Amino acid sequence: MPEEETSPLLSADAKGKTPSHERTESSESTPLLSSSSNTPRYDGEIDEHDGDDSIGSHPADAPAPANSMKRTRRWPSFIAMGILAVIVVAIIVLAFIVPEAVQEYAQQAAVIEPTNLALDSITTNGVRARIQANFHLDGTRVNNDHVRRVGRATTWVAYQLETAETKVDVRLPEYGNILLGSATIPSLVVNLRDGDMTKFDFVAEITPGDVEGIRIIANEWLEGRLDKLRLDGETDLRIKSGIIPLGTHTVSESLVFEANKIPAMPSYNITRFNVEDGPMKGSMLADVSLSAFNEYPVELDIPELAFDILVPGCAMSDPFILVAEAATSQLHVEPRSDVNADVKAVIRELPESLTSDCPDSTSSPLDVLLRQYMHGDPATFFVRGSRHPDGDTPKWIADILSSVSVPVPFPGRTLDGLIRNFSLTDVHFTLPDPSADPNDPDSNPKVSGNILVTAGLPSEMNFGIDVTNIRATADVLYKSRKMGELNVQKWQDANSTRVEGEGDEGATLKIQSRVIDAPLNVTDGGVFGEVIQTLLFGNKPVILHVDALVDIKVQTTLGDLILKEVPAEGKIPVKPLPKGTIGGIDPKVGSLKVLDTTSDSITLQALVNVTNPTPYTAHIPYVNVHVLNNGSVLGSATIENLDIVKGPNSNVLVTAKWNPPMGGDHGRRIGRDLISQYLSGWNTSITVKSHRHSIPGQPIICKALSRFNMTFAAPKLDLPGDTPEEKSHFIRDATFHFFSSTATFTLVSPLHYNTLYLDFVNATALYNHTEPVGQITYDLPFSAPPGTSQTPKLPVEWSLDSVGYDAVRKAIGGKLKLDAYANVDMRLGNWKESLWYQGKGIGASVQL
């Protein structure tokens with residue numbers, strides 16, 4: 001016989017019903033278990049298994065007959081069927097005087113059809129395998145006519161051959177000739193005549209060989225490094241024909257299996273997966289059901305087995321980390337049918353090597369595993385036979401299983417739809433700190449608020465879990481466009497409550513947390529401006545979408561864990577501001593203090609009372625806005641280190657600069673008229689508007705806010721002697737001295753710390769709004785100190801022929817109401833301005 005044969009000698013029909021004269025080609029292409037199943041997976045998906053295939057055999061140097069049907073091959077066993085093929089061919093070849101012709105005939109004509117391979121029992125040294133197969137010689141498979149005639153004649157004469165009990169050793173020549181296993185085959189009788197069928201049904205004793213050799217082959221196969229596998233079988237065969245002994249002959253045969261003919265790891269479906277707290281503190285129980293399809297004619301009983309469940313370490317060279325101990329129930333495998341297995345696992349306290357960050361990394365092996373699972377990618381576990389199995393497991397099985405670690409992909413589960421509700425209440429805003437470094441979180445606006453999240457729990461999570469802290473990075477979007485980034489780098493306190501579902505609804509987890517000073521980096525000013533516009537002028541809530549990666553600290557029965565980069569999505573509805581919000585601010589100036597003056601400007605401080613009509617609070621480190629009237633910039637106002645609360649806010653310190661030249665000549669005129677109207681008690685309004693430097697270091701926000709302005713009534717001044725029912729004018733009253741033709745006025749200054757000076761006065765008094773009384777022209781400066789003051793006696797030029805003069809004369813010793821129109825040159829420090837004043841209903845006393 002040749003020492004090397006690359007074609008297997010075994011052939012079988014997929015259904016075990018091939019007629020004796022049907023021929024098939026040979027190949028070794030199918031795994032022991034099928035790669036799919038119609039069994040539904042635990043995640044709802046369904047796989048389908050392929051149809052049955054078959055095993056066949058034909059000589060390597062002879063093509064298949066023209067009328068043969070090409071089919072896919074079956075490979076029930078590497079060893080058992082190969083051994084059977086070697087023995088049958090050897091019986092035929094060694095029995096005759098013309099060995100070369102008979103050898104060629106036997107190799108080409110032999111057809112073996114395995115029908116069943118069953119594990120009869122497991123012994124302390126190996127297994128007893130029951131092998132059932134059909135054998136016959138088919139002369140039509142032989143190409144050489146001479147060989148075919150000689151072979152048929154010889155086998156017709158011999159008719160039958162019988163072998164004694166035989167032990168066959170199978171070795172790995174390319175791995176130091178390591179013994180892979182041995183099989184003891186009982187005595188067999190073979191019919192040799194062409195077409196006669198021999199039915200084999202015997203039990204072989206199969207003993208595993210060197211465990212190290214099995215481990216090497218298994219690891220190379222699992223790692224994809226096994227290009228081909230060569231097996232050498234050798235035995236001393238004693239044969240006889242009838243009563244004639246034909247001696248003992250040493251027989252050897254080689255089989256080479258290419259990589260694509262070696263079985264792949266069978267696929268499986270996870271039909272059930274459940275994790276719950278264990279009965280002992282610090283433990284969890286996992287209950288898993290698996291399903292696969294056995295498409296081979298192989299039947300066996302698998303005893304209860306114990307396994308270690310491991311995960312990869314930080315580096316490829318690191319040892320695997322033990323995370324659980326698992327055990328399978330006793331399992332009966334039937335030919336060409338679904339195989340269902342139940343696995344129970346115990347998870348005890350997680351080792352430190354699993355939860356500690358890897359060198360030069362911020363992630364631990366557990367983080368990597370969970371990240372794969374939560375992003376829907378398969379997470380790879382490794383399954384290895386336990387080194388300390390139950391007492392009923394034979395040692396040889398434990399040795400083999402514990403020497404091989406099999407990678408098992410565990411299907412991931414995306415967390416889409418996990419967040420069912422997301423709300424943010426009691427919101428507090430903090431504007432950027434102008435003194436902060438650009439890379440400092442304080443350089444961005446910050447948001448604080450109470451977060452309430454309702455998250456759906458996967459059905460397989462049935463263990464206690466308590467969220468204690470959270471932190472997150474999130475993209476904030478509006479109408480699918482990114483507005484900014486929210487970065488909560490510091491751990492925020494949190495708590496959680498599990499709520500069981502009703503009916504078909506699953507359990508939920510309610511998580512509450514108070515987020516404090518989370519930096520919000522606005523990246524798109526256009527989107528941000530659209531949000532502000534909708535809040536100010538819209539009537540529907542603004543829905544902000546949040547895409548976040550959340551780090552979560554949890555307490556479980558296994559201990560404290562940190563789940564990193566858990567993907568979460570949610571929607572935050574933000575209510576629009578109530579109508580009339582801007583008008584509800586209602587600013588009122590309590591006191592004024594001049595800080596600096598120039599010829600064109602005044603810098604002053606004011607204590608202002610305002611009302612916050614919104615449901616939000618804020619902290620303002622610094623903000624500067626322009627003050628406008630009729631579209632002209634007249635100055636600016638600055639607020640620093642201000643905490644805005646809901647409702648009334650008293651004594652808000654505002655620093656303002658009156659500087660009409662910012663608006664050019666038009667601004668000067670507008671500014672002069674605005675002061676004159678304000679002093680005259682007219683209803684005036686001012687507009688505040690952001691500019692590109694309103695918030696230092698935030699050009700995007702400033703540009704967005706500069707699209708909007710707020711216009712409200714100019715704040716009223718609280719003057720000495722004012723009552724809630726009536727606000728007085730700056731001229732409190734007047735006294736006319738009839739005979740001396742002079743008048744004095746009581747003035748009320750709005751300034752509490754500075755003195756005003758009037759350098760020139762040209763005024764006219766009117767009676768009944770139109771009738772002149774007299775005119776005052778005075779060009780000597782006089783002061784108006786803080787509070788109430790009296791002017792010097794100002795000369796009056798009476799309008800003698802007027803009705804107004806008669807009214808004054810008749811009111812001597814009494815009072816009357818007069819109007820006043822005046823042009824005044826006013827001076828405050830270095831600032832000078834010519835103003836006009838109109839006052840109505842001024843109470844005037846008339847004395848002799």
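Reader: Before that, what kind of model is it?
Author: This is a predicted model.

Reader: OK. How many helices and strands in the protein?
Author: There are eleven helices and 44 strands.

Reader: And what share of the residues is buried?
Author: Of the 848 residues, 49% are buried. The accessible surface comes to about 41600 Å², and carbon and sulfur atoms hold 53% of that.

Reader: What share of the contacts is between residues 24 or more positions apart?
Author: Counting contacts with a separation of 6 or more, 68% are between residues 24 or more positions apart.

Reader: Let's talk sheets. What is the strand order in the open sheet of eight strands?
Author: The order is S18-S17-S13-S14-S16-S11-S10-S21, and the pairing is mixed. At the edges are S18 (405-410) and S21 (461-462), each pairing on one side only.

Reader: Remind me, how do strands of a sheet pair in general?
Author: Through backbone hydrogen bonds, in a parallel or an antiparallel way.

Reader: Then which strands does S11 pair with?
Author: S10 (residues 269-277) pairs with S11 in the antiparallel sense over eight bridges, and S11 is joined to S16 by eleven bridges, also antiparallel.

Reader: What's between S10 and S11?
Author: The two form a hairpin with six residues between them, and Gly282 in the turn has a positive phi of about 85 degrees.

Reader: Is S11 mostly covered or mostly open?
Author: Mostly covered: S11 spans residues 284-294, and nine of its eleven residues are buried.

Reader: And how many bridges join S14 to S16?
Author: Four, with S14 (residues 321-328) and S16 (residues 337-347) running antiparallel.

Reader: Switching to the inside. Which residues have the most contacts in the largest nonpolar core?
Author: Val467, Leu544, Ile552, Phe736, Phe745, Trp798 and Leu816, in a core of 141 residues. Apart from it lies another core of 40 residues, including Ile185, Leu192, Ile214 and Ile400.

Reader: What does Trp798 touch?
Author: Setting aside neighbours within four places in sequence, Trp798 is in contact with Phe736, His737, Phe738, Ser741, Val773, Gly774, Tyr805 and Val808. Trp798 also belongs to a cluster linked by ring pairs, along with Phe736, Phe738, Phe739, Phe745 and Tyr805.

Reader: And Leu816, where is that found?
Author: Leu816 is in strand S43 (residues 815-828). Its relative accessible area is 10%, under the 20% cut-off, so Leu816 counts as buried. Beyond residues up to four places away in sequence, Leu816 touches Tyr767, Ala807, Val808, Ala811, Ile842, Gly843, Ala844 and Val846.

Reader: What about Gln838, which strand is that in?
Author: Gln838 lies in S44 (residues 831-847). This residue is partly exposed, at 26% relative accessibility. Not counting residues up to four places away in sequence, Gln838 touches Ser680, Trp682, Ala820 and Tyr821. Its C-alpha is 9.5 Å from that of Ala763, 75 residues apart along the chain.

Reader: Back to rings. How many aromatic pairs in the whole structure?
Author: Twelve. One of them is Phe429 with Tyr616, an edge-to-face pair at 5.8 Å centre to centre with 75 degrees between the planes. That pair links distant parts of the chain, 187 residues apart: Phe429 is in S19 (residues 419-430), and Tyr616 is in the loop between S28 (602-612) and S29 (617-629).

Reader: Are Phe429 and Tyr616 buried or partly exposed?
Author: One of each: Phe429 is partly exposed at 34% relative accessibility, and Tyr616 is buried at 17%.

Reader: Why does the Tyr778 and Phe782 pair count as tilted?
Author: Because the planes are at 55 degrees, which falls between the cut-offs of 30 and 60. The ring centres are 6.1 Å apart, and both residues are buried.

Reader: Last one: which ring does the charged end of Lys553 sit over?
Author: The ring of Trp491, 4.7 Å from its centre. Lys593 has its charged end over the ring of Tyr753, 5.4 Å from the centre.

Note on methods. Residues are numbered from 1 along each chain as its sequence is written. This is a predicted model: local features need pLDDT of at least 70, side-chain atom pairs count only at pLDDT 80 or more; totals for chains, interfaces and linings use all residues. Side-chain values use heavy atoms; hydrogens and water are left out. Buried means under 20% relative accessible area, exposed over 50%, partly exposed in between (1.4 Å probe, protein chains only). Contact means heavy atoms within 4.5 Å. Accessible areas come from the Shrake-Rupley method with a 1.4 Å probe; for residues, only the protein chains shown count as cover. Rings of Phe, Tyr and Trp (its six-membered ring) pair if their centres lie within 6.5 Å; planes under 30 degrees apart count as stacked, over 60 as edge-to-face and the rest as tilted. A charge sits over a ring if NZ of Lys or CZ of Arg is within 6 Å of the ring centre and within 35 degrees of the ring normal. A nonpolar core is a set of buried Ala, Val, Leu, Ile, Met, Phe, Trp, Tyr and Cys residues joined through side-chain atoms within 4.5 Å. Two strands pair if DSSP finds at least two bridges between them.
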